[in-house]
Amino acid sequence: MKTRITDMLGIQHPSIQGGMHYVGFAELAAAVSNAGGLGIITGLTQKTPADLANEIARCKDMTDKPIGVNVTFLPTVNTPDYPAIIKVIIDGGVKVVETAGNNPSQVLPVLKDHGIKVIHKCTSVRHALKAQSIGCDAVSVDGFECGGHPGEDDIPNMILLPRAADELEVPFVSSGGMADGRSLVASLAMGAEGMNMGTRFIATKEAPVHENVKAAIVAASELDTRLVMRPLRNTERVMTNAAVERLLEIEKEKGADLQFTDVIEQVAGVYPKIMMEGTMDAGAWSCGMVAGLINDIPTCKELIDRTMAEADALINERLKGLAA
Ligand SMILES: Cc1cc2nc3c(=O)[nH]c(=O)nc-3n(C[C@H](O)[C@H](O)[C@H](O)COP(=O)(O)O)c2cc1C
């Protein structure tokens, strides 16, 4: 399938794997890119810029297709060395950067000078317009359904995507709640040029996370996510578990007085325990409502090929038949 996004990124299928903390390692990014999508390494999961340089090199050993790096600008306990991170991305020959959180104006000029395409992920039309106005090449429009940080506007993709289509000139991909060919065709119908998936790509053979994480996603329904840290205006959609229920109790007890330090035990430093060791109750981990649509653990190639075959059948059989 050819869209403005496949053309811009030099990929075969309009399918992107969003950056994911402690999931977006070289193995997953390479598998998605080898399957014809765009795989993305999560920059901030690497402890130092030198580690990120190694991860990029490892990924490039596994694929000669385009890959991306995610650079997230969110409140974190220690501010990362962003200039050094950008330098290793440039030196590593990466051609696409996915930014998220605060807008990437501080790093955009140097990325553009090096011909790197910047896709900014955002959760509202106003932030998408801001990204367009500062020169981002594309945006990833993340609806309220998404795993991770859905923002504070709570607009689901059924509204957000057509709103984005009405306002934006740069191409955009849908993000949040995307799982299969139905998601892709619906996204295209609403004006997107492709789709970005997070949770769906965790439940794949190549995702280098503990099998317990994949099993939890397969077992979960669309009712099993919770929104945490709302009172801090740093909302995160996570899979429910004992730690998350405790976190929500603390939020209730503290009310408007809640501070980040009150919930630090449930959110800080928990990803290695969950993703690497499979200790599923260790804390809050991002997961989308789309878990309700995920029932298997295919390879990335099987997933993308199946998605494209479903999309083709939907467009050329079901929809064509209805229009006749
Ligand atoms: C476990 C997990 C970790 C994530 N970590 C990040 C991250 O570090 N930076 C980022 O920009 N987005 C992160 N995301 C968001 C994804 O890139 C993507 O936008 C989101 O998962 C899309 O929603 P979906 O899960 O419904 O597909 C994460 C998502 C998940 C599920």
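This is a predicted model: local features need pLDDT of at least 70, side-chain atom pairs count only at pLDDT 80 or more; totals for chains, interfaces and linings use all residues.
**Notebook: domains and helix packing**

The chain is split into domain 1 (4-204) and domain 2 (225-286), with bounds that come from an automatic or database domain assignment. I then looked up the contact between them, which takes 12 residues from domain 1 and 11 residues from domain 2; two residues are in contact if their C-beta atoms, placed from the backbone, lie within 7 Å. On the side of domain 1 that touches domain 2, I noted 6 nonpolar, 5 polar and 1 charged residues. Here Ala, Val, Leu, Ile, Met, Phe, Trp, Tyr, Cys and Pro count as nonpolar, Asp, Glu, Lys and Arg as charged, and the others, Gly among them, as polar.

Residues are numbered from 1 along each chain as its sequence is written.

Next I checked helix 3 (residues 49-62) against helix 4 (residues 82-91): they pack at about 25°, with axes 9 Å apart. That angle makes helix 3 roughly parallel to helix 4 (angles under 35 degrees count as roughly parallel). Axes are lines fitted to C-alpha atoms, for helices over the stretch in contact, and angles run from 0 to 180 degrees between N-to-C directions. Helices are DSSP runs (H or I, at least four residues), as are strands (E, at least two), numbered from the N terminus. The crossing of helix 3 and helix 4 is right-handed, meaning that the near helix is turned clockwise from the far one by less than a right angle. Pro49, Leu52, Ala53 and Ile56 of helix 3 make the contact with Ala84, Ile85, Val88 and Asp91 of helix 4. I sorted these residues into 7 nonpolar, no polar and 1 charged.

Then I turned to helix 2 (residues 26-34), which packs with helix 3 at about 35°, with axes 9 Å apart. Helix 2 also passes helix 3 in a right-handed crossing. Ala26, Ala29 and Ala30 in helix 2 meet Glu55, Arg58, Cys59 and Met62 in helix 3, giving 5 nonpolar, no polar and 2 charged residues.

Last, I looked at helix 8 (residues 181-189), where Ser183, Leu184, Val185, Ser187 and Leu188 are buried (20 or more other C-beta atoms within 10 Å of the residue's own). The buried residues pack against helix 7 (157-167), strand 7 (172-175), strand 8 (195-197) and helix 14 (300-323). Just after helix 8, I found Gly191 with a positive phi of about 105°.

Technical notes:
A residue is buried if 20 or more other C-beta atoms lie within 10 Å of its own, exposed if 12 or fewer, and partly exposed in between; C-beta atoms are placed from the backbone. Angles under 35 degrees count as roughly parallel, over 145 as roughly antiparallel, 65 to 115 as roughly perpendicular and the rest as oblique.
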